Amino acid sequence: MKTFDFAQPTTVDEALAAWEPGSAWLGGGTNLVDLMKIGAMAPDKLIDIKRLTGLDQIETLADGSTRIGAMVSNADLANNPDILRRFPMMAEALLSGASGQLRNAATVSGNLMQRTRCAYFQDANAACNKRSPAQGCDAIGGVDDTAAILGWSNQCIATNPSDFCVSLAALEAVIEVQGSSGKRDIAFADFHLLPEDTPERETALQAGELIVALRLPTEAGDFAGNSRYLKVRNRTSFAFATSSAAAAMQIKDGTITKARLALGAVAAKPWRLAKAEALLIGQAPDPALFAQAAEAALAGASSSNDNDWKIELARRTATRALALAAAGTPARMPALPASPFVDQGDSLNA
Amino acid sequence: MPDTLTSPARFGSNAGQPLTRRDGIAKVTGVANFAADNSPANLLHAFYVPASIARGRVTHLDVAAAEAHTGVTHVITPQNRPPLQGDPSEKVTMFSFRIEVLQDDTVRYAGQPIAMVLAETLEAATEGARLLNPQYEVEPARTALDQNEPISVPPQGFGTPAGAEHGDVAAGHAAAVQSIDVTYKTPAQYHNAMETHAVVAEWDGDKVTLDMPSQALNMSCAGYAYFFGIPAENVTLRSPYLGGGFGSKAFPTGPQVLAILAARLAGRPVKLMLTRQQMFGPVGHRGATSQRLQLGVDVDAALTVLDHEGLAETSTFDDFIEPAANASQGLYAAGALKSVHRAVRLDVGTPGPMRAPGEASGSAALECAMDEMAELAGLDPLEFRLRNYADTEPGTGRPYSSKALRECYEQGAARFGWADRPLEPRQMLDKNGMLTGWGMGTALFPCPMFAADARATLRADGTALVETSAVDMGQGAWTALAQIAADSLGLPMEKLEFHAGHSALPDGGVAGGSGHTATAGGALHAAGSDVIRQLGEVASNDPASPLHGAGNAGFVARNGRVYVEGDESRSDEIAAIMARAGSLDVVGNGSASRPPEVAAKHAMNSHGAVFAEVKIDPDLYQIRVTRMVGAFAVGRIINPRLTESQLMGGMIWGTSFALHEEAKHDPRTGRIMNANLAGYHVPVNADVTGLEVITVHEDDPYVNALGIKGVGEIGGVGSVGAIANAIWHATGTRVRRFPIRIEDLIRG
């Protein structure tokens, strides 16, 4: 592989000072190192941020929101008892991804920054506008079955592979970033970008900015009783989603008072569905209602490849996730693997 | 002349025991050194550039840039590649293929080596290879079966199946009152043993030592020696541990020959280990097939015809045509039988033998077709198979050496609960509302023997050394082989020292074709028996021995004693015989193979019946295999633990074939776009639940002296069809391609 510089700062300030064009932040390395080995990424400098102090805490802030340090491992977050109780959908999403070993190494901010699993992005010999702007997109007309059905452009049809981010989109997380000019917050919905004509730009981070934490607003805790992350895939475990959905509701006296719905594996970003959510609010939970919401959710979908079937699958995934959420979060969370074949046991709401 | 080869061998207390692997602790503690774990002093690392196009020509390599990179010592291209003494197109051993060793600038498939870089570190070699930045003249790639004309390749041996025809096929078609004509497609699959191909090569004059995973040590020595113009004995091949082979490690490969050549050029040891991506190209694969099956039945649902036409991919420069259609020979009693193989030349690496070559793909299609025929005839699939049960080999009429398939059907069906299966599809829901389906398939796998030699040395101290180059692919062969050896000498396992995995030892043959235990085990048994025969002769001539005068009655050994064969009353202690004879080592030699006249007399096969349950989400169409029962009749079981493990492994490969494995070529470049284990899926633990193996007792006096048939591959046969048939039974949808995925069921 290409020779690169390696820096190991111990504070955020040192890390920011170490950054120069061509650098890449190294968290758990579970994605970046693989991409470097196969030549899909070739940074000039790696800045190891695992040693930065103060980024590995999970805390409840005075306003009731939850702050998760950028270097908290996926495993530590998913198995934190308070997180499990308050945000079971997020834990379910985390635990449906990768494997135990990878979750130990992977970090929450690294998860936000992971690259698409599009085979043409990963293949340094293929044309990819994301890797090399204006090179073209070989995925169009190709055989990659991760291709998008929403929000794609004729420059790029790649999807965001994250499970965790789908739950964060549904829970309206906020991302705290820090750069040489100071700190700022980015709303989750604004963090990942659609490809349009600039597929090489994947996030709202400015050059040299570093994610230092995520915050879940107090309201995100309102869905603990009725929220699920459903991941659909051909292999039971250790596979990216073919389609997925994060569905969350607050149900009072038989009426849905709050609703959240986001889809995964369908677009370059976790696909939040405000229109579908609006259809649910004020209604009684009902299979026909869920089907109607899912129909609305996929109204703008179109195949980017030979993947018409995925539109139908995403619709069904959304319908099922809503039904599962309405049925109540299982008492024993997370249900592993996140699979309809596992007996889900008693519901919290039962 | 007696009807049997020999009376079944008498065994002592070792065979039949479920011993754990002798090398298990070494492997789980990391003490076991695999080939690429060796790093001799002064080592250079090799990395080769795989072609990124499938067809065309390399027009430029930036050799200067690669050479300028720090640490790079050599850049080998077609322009400067040192000569080989052997012709890379020559098929030098029984199983070998034309190899790609930088003969010219032509690209024949994606992944073909087009240059090799040597460097002081692996990182420098890898970066040097990248810096070569190859430029190509590209021709359109053909990687799908419909992208070239089917051809017939005359049978010339390995890789060019002959097919077969028995009975009047036209009459069979005409006589059918019901018939089906269906086509099943199977994809290209890649072996992907856990350990990738590797070699550490070190020359000393005109002798070379190779640390290399190999399924056939001595045959490989001969193969590599040929390319370097040296006698086979000048090649020392060490393969003490193997991280799987699946058929891909039995023959010389281009990358490995290049690395050995590079070591000679550099005058330093060279290590090459293929990356996972590089496993998709020059080291063989299972070729894609399209199989047309025409079946017809009479009013009693007896098959009037079984007509199986296979179309399989091969490369543009060599022949390995998946012998899939031959899976329809030897199993069902059809009035007429026909198996035809045709090929399509594509811009792919040459396919090769992989996990039940022919049987796996062929059985997948055949067992699904049988299910479709049963459906049309309105019969339970098991009942339909029983109506077409063959008591002698169909077509030839040869007797089977043994065939407990009926018992496999009975025991497997009983354990599975098959009798409760509704005839119609889409009838069963589980308590979570999942569509549930049950399917079955029959398994047949031949039990070939190759040739192997072994040596046994009984020492004066009552211990023994047994030696053969036989390899352990990870399945526990050395444990089972040691059990056989210990019994042949009448010794407990702890008295046995077992040396294997080194080419200087007697030729242990090929670990392939499911014939390794029978062949290498047969040689070990013969070597031990030779020792005991000599010992018996010594005792027979010794007036002090209870065996005095036993003459040539024959001897067997058990529990440290030598007995007159068939006369339990006459025996002597091994230690006593040895002591009286002056405490010299007794050395015995043994060989095993099956004479052609023996092979011709009987049809020799392992058999099995696999029953599978799948559950499928009625909306999301995720498919999960929730239960499988496989009942197998595989001759004598040497080690029940390892046998069960092998058969289970085969059934898991069946799940893999049915639901997961598929190499996907980009239709434009011909490159495989999922050439890694993140994209090329095999089952994970969570995919494997409720797996059960039954072994049905079988005494086979004809296959070999030990009655061993082989268990390496049959587990995967029958399983694929069983799962596919269960999917139909759950959903009512017939998917006639593999793997079967969510999208296939959504599309209906």
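1. Let's start with a helix pair. In this predicted model, helix H7 (residues 359-377) of chain B packs against H15(B) at an angle of about 35°, and their axes are 8 Å apart. The crossing of H7(B) past H15(B) is right-handed.

2. Next, H15(B) itself. This helix runs over residues 719-731 and has 13 residues. From its first C-alpha to its last it reaches 18 Å, close to the 18 Å expected at 1.5 Å a residue. H15(B) is mostly covered, with 13 of its 13 residues buried.

3. Have a look, too, at what comes after the helix: B:Gly732 follows H15(B), and the phi of this glycine is positive, near 80°.

4. Now over to the other chain. Chain B places 31 residues in contact with 26 residues of chain A. On the chain B side, helix H3 (122-131) and helix H16 (742-747) each supply at least two of the residues that touch chain A.

5. What is the make-up by class of the side of chain B that touches chain A? It has 14 charged residues, along with nine nonpolar and eight polar ones.

Technical notes:
Residues numbered from 1 in each chain as written. Chains lettered and ligands numbered in written order. Predicted model: local features only at pLDDT ≥ 70, side-chain atom pairs only at ≥ 80, totals over all residues. Contact = placed C-beta atoms within 7 Å. Helix = DSSP H or I, 4+ residues; strand = E, 2+ residues; numbered from the N terminus. Nonpolar A, V, L, I, M, F, W, Y, C, P; charged D, E, K, R; others polar. Expected span 1.5 Å × (residues − 1). Buried ≥ 20, exposed ≤ 12 C-beta atoms within 10 Å, placed from the backbone. Axes fitted to C-alpha atoms, helices over the stretch in contact; angles between N-to-C directions. Left-handed = near helix turned anticlockwise from the far one by under 90°.
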